[in-house]
Amino acid sequence: MKKTAAANTHQVILDSIADGVFTVDLNWRITSFNAAAERITGVKRAEAIGRHCCDVFRASCCETECALKSTRRTGRPVVSKAVYILKADGERIPISISTAVLRDERGRVIGGVETFRDLSQVEELRKELEGRYTFADIVGRSPAMQRLFELLPQVADSTSTVLIEGESGTGKELVARAIHNLSPRAKRRFVALNCGALPDTLLESELFGYKAGAFTDARRDKPGRLALAHRGTLFLDEIGDVSAAMQTRLLRVLQERVYEPLGAIEPVAVDVRIVAATHRDLDEMVRAGRFREDLYYRVNVVRLRLPPLRERREDIPLLIERFITRFNRVQNKDIVGLSDGAMAILMAHDYPGNVRELENIIEHAFVLCRAGLIEPQHLPPALQAAGKVSRRFKTGLTLREVEAIHINDALRRHRGNRAAAARELGVNASTLFRKLQKPGGAVPGASAPRARSKRPG
Amino acid sequence: MIVAIPTLEERVSPVFDVARCVMVVELDGEREVRRQTLALHSPDPTRRVAALTEQAVNVLICGAVSRPLEALLSAAGVRVISQTCGPVEDVLRGFIAGRLSDGAFLMPGCCGGRRQCRRGGPGLRCRPGGPRRRRARRRNADGTGPKAAGA
C-alpha cells in the first residue's frame with residue numbers, strides 16, 4: 001500500500017515537470033514515462049511502458065551513440081546532447097537529452113533515466129533571429145554589420161555613386177549586389193569588373209568595348225561592360241589598382257556620363273550607377289599622389305566600410321552556421337556543427353583572408369568530415385598547429401579567467417592598443433580599462449600602452 | 001519481390017534515416033530465394049534511396065522515417081511500410097503472412113492507419129488520435145447527398 005502511494009507521488013512529481021522523463025530497466029524496456037514525454041513524443045504512457053526504449057523514443061542517436069548505453073557503460077551522465085526524434089507522422093523534433101544511471105539502495109545499477117527537452121520553439125526563435133541577422137545574403141549580428149544593414153536600403157534607393165572599402169574577402173561584391181538588388185535598377189543588369197585583374201589595354205576594351213576595325217582582329221563591334229550595364233549597375237572592384245591613364249578615362253564617365261568605345265568617332269551616353277570597391281586606403285593614395293583627387297571625390301559620394309572579420313568575431317559562429325547549412329545542401333551531407341575544440345580554434349584565428357578564408361576552412365572540413373561534428377583534426381593543418389599552441393581554454397576555468405585570457409589575447413593581437421582591443425571585444429574602452437584594473441584581469445605588460453603600429457591593408 | 005529491412009541487433013532499426021545496416025531478402029511468393037546484408041554508410045537521403053534501388057528493392061519495412069526521406073523513397077517507386085518494430089525474423093514472417101498490421105509489429109504511438117505508400121504515390125500518414133474514418137456516404141434526410149446504390 002505504501003509502495004503504491006510512493007509510486008503515485010513519484011508519478012505526480014514527474015508529470016509536473018515540463019521536460020520529458022522516462023526510465024528504463026536493464027533490458028532497455030521503459031518502466032516510467034511522464035506527461036511531458038507523452039506530449040513531446042506523441043506516444044501514450046500506456047503504450048510506452050514495457051516497450052523497447054528505442055521503439056518509443058526513435059531518436060537519431062539510438063542506433064549509433066545511445067546516450068543511455070554510454071552512461072551505463074561509463075557511469076558518466078550525458079548532459080544536454082542535441083539530437084532529434086521522429087514522431088509517428090515523420091515530423092522531426094529537435095531535442096536535447098540528458099541521462100543518468102539508476103541504482104538501488106545497495107548501489108547496484110537497475111536501469112537508467114533520460115530527460116529530454118523539446119527545442120522546437122528554440123529552433124524557431126533561432127531561425128527568426130537568424131533572419132534579423134541576415135540581409136540579402138550578408139550575415140552579421142555585430143553592431144558594425146547591423147548599422148550597415150540599416151543603411152543599405154537608403155543607399156540603394158539613391159542614385160549616388162558608392163564606394164565600398166574593405167579588405168579582401170570581406171564581401172564587397174555581395175554588398176554591391178545587395179545595393180543593386182534593392183535599387184530601382186534591380187530589373188536591369190548588374191555587371192562586375194575587377195579592375196585590378198586586367199592590364200590597361202584589356203581593361204579599356206572590356207570597359208568601353210570597341211568598334212569593328214579598331215585594331216587587328218576587331219572584326220565586329222563588341223559592347224563594353226558600360227554598355228552592358230546601361231540602366232543597371234556597374235561594379236568596379238579594386239578601383240584603387242587602376243593606372244593614372246585609366247583614372248582619367250573613368251573620371252570622364254563619372255563626370256559626363258559619356259564614353260567612347262575604342263575606334264568610335266562619337267561619344268556614347270550611358271545611364272549607369274557606379275559602385276566601386278577597394279581594399280586600399282584611397283585617402284592615403286590621394287595624399288601620396290597615386291590616385292586622382294577629382295576621381296576620388298566623384299567616387300566617394302557614399303562611403304561604406306566593411307569591417308574585417310577579426311573586428312567582428314561575434315559574427316563567426318553565425319557565418320559558420322550559414323556555411324555549414326549551405327555546404328550540407330550542396331554536398332548532400334549531414335554535418336551538425338563544430339565541436340567545442342574546433343570552434344575555439346576558429347574563434348581565436350585572425351582571418352587575414354576574412355569571410356572567404358572562413359568559408360574555405362569550412363569547405364576543407366567538409367571534405368574530411370563525413371557526418372556529425374567538425375573536429376579540430378578536420379581543420380586545415382596550419383590552424384590545428386596554431387590551435388595546439390594557443391589553446392589555453394582548459395576545462396575548469398572560471399568565467400573571469402576565460403575573460404582575462406580573451407582580453408589578453410585581444411591586447412596581444414593589437415599590440416597593447418586598448419582602444420583597438422576594446423573595439424574587437426565589442427566593449428567600450430572604459431569598460432576594458434575597468435576590467436584590466438580588477439585583480440587577475442590582465443597579464444602584466446600585455447595591457448601596457450605601446451607605440452601604435454598600422455595594420456597593412 | 002525484393003524486401004529490405006533495416007536492422008539493429010536483430011531487431012528492426014528504430015530510425016531508417018540513420019540506420020547503418022539493411023537486410024535485403026528476395027521472395028518468390030512465400031519462399032525466400034536470396035538474402036544479403038547491405039551497409040548504409042551515408043547519411044545522405046538520396047544515397048540511401050539509391051542503395052535500395054540498386055538492389056531493385058520493391059518494399060521497405062522500417063521503423064520511423066522522416067517525411068523527406070519517405071517522399072524520396074516513394075518517388076523512387078519503393079513501397080514503404082514504416083512504424084514497424086520487433087525482431088527482424090518475426091517481422092519478415094509477419095510480412096509474408098500478411099500480418100504486419102498486428103499490434104505487436106506496430107511502433108508505440110502509431111495509430112494503425114500507418115503509412116503504407118503505394119508505388120510512386122503518396123502514403124497514408126499516421127494521424128494523432130487514430131486513423132481518419134471515412135464519413136458514411138448516406139443520403140441526407142432532405143434527399144440530398146449521394147444516390148442510393150443502383151439508383
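**Entry 1: ground rules**

I count two residues as in contact if their C-beta atoms, placed from the backbone, lie within 7 Å. The model is predicted, so I note the limits: local features need pLDDT of at least 70, side-chain atom pairs count only at pLDDT 80 or more, and totals for chains, interfaces and linings use all residues. Residues are numbered from 1 along each chain as its sequence is written, while chains are lettered from A and ligands numbered from 1 in the order in which they are written.

**Entry 2: chain B**

I looked up contacts in chain B with a separation of 6 or more; residues 24 or more positions apart account for 44% of them. Next I looked up burial. A residue is buried if 20 or more other C-beta atoms lie within 10 Å of its own, exposed if 12 or fewer, and partly exposed in between, with C-beta atoms placed from the backbone. In chain B, 38% of the 151 residues count as buried.

I then listed the elements. Helices (H or I, at least four residues) and strands (E, at least two) are DSSP runs, numbered from the N terminus. Chain B has six strands and three helices. Starting at the N terminus, they run β-β-β-β-α-β-α-β-α.

**Entry 3: two helices of chain B**

I followed H1(B), residues 45-54, and H2(B), residues 67-75. Their axes come within 10 Å and cross at roughly 35°. Axes here are lines fitted to C-alpha atoms, for helices over the stretch in contact, and angles run from 0 to 180 degrees between N-to-C directions. From H1(B), the contact uses B:Pro45, B:Thr46, B:Arg48 and B:Val49. From H2(B), it uses B:Pro68, B:Leu69, B:Leu72 and B:Leu73. I sorted these residues into six nonpolar, one polar and one charged. For the sorting, Ala, Val, Leu, Ile, Met, Phe, Trp, Tyr, Cys and Pro count as nonpolar, Asp, Glu, Lys and Arg as charged, and the others, Gly among them, as polar.

**Entry 4: where the chains touch**

I found 24 residues of chain A in contact with 25 residues of chain B. On the chain B side, 14 are nonpolar, six polar and five charged.

**Entry 5: chain A and one sheet**

Chain A has 18 strands and 20 helices. Of its 457 residues, 32% are buried. Among contacts with a separation of 6 or more, 62% join residues 24 or more positions apart.

I traced an open sheet of five antiparallel strands in chain A, in the order E2-E1-E5-E4-E3. Two strands pair if DSSP finds at least two bridges between them. E2 (30-33) and E3 (78-86) of chain A stand at the edges with a single partner strand each, so one side of each has no neighbour in the sheet. On average, neighbouring strands are turned by 30° against each other, direction ignored. I checked one pair: E4 (92-103) and E5 (109-118) of chain A are antiparallel over nine bridges. A:Ile97 has A:Phe116 in E5(A) as its bridge partner.

**Entry 6: the helix across the sheet**

Which strands of chain A does helix H5 lie across? H5(A), residues 67-74, lies across E1 (20-24), E3, E4 and E5, at about 25° to E4(A). In H5(A), I found A:Ala67, A:Leu68 and A:Thr71 buried. They cover an arc of only 100° around the axis, which puts them on the same side of H5(A). The arc is that of the directions from the helix axis to the C-beta atoms. On the other side, A:Arg73 and A:Thr74 are exposed. The buried residues of H5(A) pack against E1, helix H4 (53-57), E3, E4 and E5 of chain A. After H5(A) comes A:Gly75, with a positive phi near 80°.
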